[in-house]
Amino acid sequence: SGRWSRRVAAALLWMLVAGCTAPGGLSMAEPPGVAPKSFAVAAHEAGIYIIRSERVGGAIPLEVLIDGNRIGATVARSYLYAAVSPGVHMLESRGDIRSTLEVETKAGTITYVSQVVEMQYLTSPRTRLRTVHAAQGQEWVRELKAAPPR
């Protein structure tokens, strides 16, 4: 019984460390590396940060999908991170009007995407995705917090 408990505990720990992997090579883990916000990615993977740097929309969550897989929802001043396989990926942000953006990722690199939110009178928030330079993306990630757990 003791050996079985240790094996189950080890398996659970391994699953937590490895992160949850979805179809299509998408890993919905926290940012890579031992230290959060290290901006390192494995040589065989690519990373994508979706960053909502504005205060607009406050606590209204906006769903984010990569290749049709939900990775979470942002709130104002938060970000999401996903490890993906290198190649072309379709990002989607769901507000009153959906926004999509196709990005091509390269092995060992991180792509930074800004999720811009616009509040319209008497409607839900509108959202727009656009890539940003790595220096800007890293600055925002350092300032912001990870989006709340899904």
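Biologist: What makes Val103 count as buried?

Modeller: This is a predicted model, so every value here is computed from it. Val103 has a relative accessible area of 4%. Buried means under 20%. Therefore Val103 is buried.

Biologist: Where is Val103, and which residues is Val103 in contact with?

Modeller: Val103 sits in strand 8. Neighbours within four places in sequence are left aside. Its contacts are then Ile48, Gly87, Val88, His89, Leu91, Thr111, Val113 and Thr131. Contact means heavy atoms within 4.5 Å. Take Leu91: Val103 and Leu91 are twelve residues apart along the chain, and their C-alpha atoms are separated by 7.5 Å.

Biologist: Which residues touch the most other members of the largest nonpolar core?

Modeller: Ile48, Ile50, Ile66, Ile71, Leu91 and Val113 do, in a core of 15 residues. At least two residues of this core come from each of strand 3, strand 4, strand 6 and strand 8.

Biologist: Which residues of helix 2 are buried?

Modeller: Gly137, Trp140 and Val141, in a helix that spans residues 134–143.

Biologist: How do you know that they are on the same side of helix 2?

Modeller: Around the axis they cover an arc of only 100°, so they lie on the same side of helix 2. Their cover includes strand 3, strand 6, strand 9 and strand 10.

Biologist: Why is the pair Glu63 and Arg70 called a salt bridge?

Modeller: The closest N and O atoms of Glu63 and Arg70 are 2.8 Å apart. The cut-off is 4 Å, so the pair qualifies.

Biologist: What about Arg94 and Glu63?

Modeller: Here the closest N and O atoms are 3.5 Å apart. That is within 4 Å, so Arg94 and Glu63 form a salt bridge. This pair links distant parts of the chain: Arg94 belongs to strand 7, Glu63 to strand 4, and they are 31 residues apart. Arg94 also meets Glu92 in a salt bridge, at 3.1 Å from N to O.

Biologist: Which residues does the network of salt bridges link?

Modeller: Glu63, Arg70, Glu92, Arg94 and Arg98. Searching the whole structure turns up four salt bridges.

Biologist: Are Glu63 and Glu92 buried or exposed, or in between?

Modeller: Glu92 has 15% relative accessibility, under the 20% limit, so Glu92 counts as buried. Glu63 has 25%, between 20% and 50%, so Glu63 is partly exposed. Arg70, at 37%, is partly exposed by the rule that sets those limits. Arg94, at 27%, also counts as partly exposed.

Biologist: What makes Ala59 count as exposed?

Modeller: Ala59 has 65% relative accessibility. Exposed means over 50%, so Ala59 is exposed. Ala59 lies in the loop between strand 3 and strand 4. Ala59 and Ala76 are 17 residues apart in sequence, yet 6.1 Å apart in space, C-alpha to C-alpha.

Biologist: Why is Val56 called partly exposed?

Modeller: Val56 has 33% relative accessibility, which falls between 20% and 50%, so Val56 counts as partly exposed. Val56 is placed in the loop between strand 3 and strand 4. With Ile60 and Met119, Val56 makes a nonpolar surface patch of about 210 Å².

Biologist: What share of contacts joins residues at least 24 apart?

Modeller: The share is 59%, among contacts between residues at least 6 apart in sequence.

Conventions:
Residues numbered from 1 in each chain as written. Predicted model: local features only at pLDDT ≥ 70, side-chain atom pairs only at ≥ 80, totals over all residues. Heavy atoms only, no water. Buried < 20%, exposed > 50% of the residue type's maximum accessible area, 1.4 Å probe, protein only. Helix = DSSP H or I, 4+ residues; strand = E, 2+ residues; numbered from the N terminus. Arc of directions from axis to C-beta. Patch = residues over 30% accessible without salt bridge, like charges linked within 9 Å, V, L, I, M, F, W, Y side chains within 5 Å. Areas by Shrake-Rupley, 256 points an atom, 1.4 Å probe, with all protein chains shown as cover. Salt bridge = Lys/Arg side-chain N within 4 Å of Asp/Glu carboxyl O. Core = buried A, V, L, I, M, F, W, Y, C linked by side-chain atoms within 4.5 Å.
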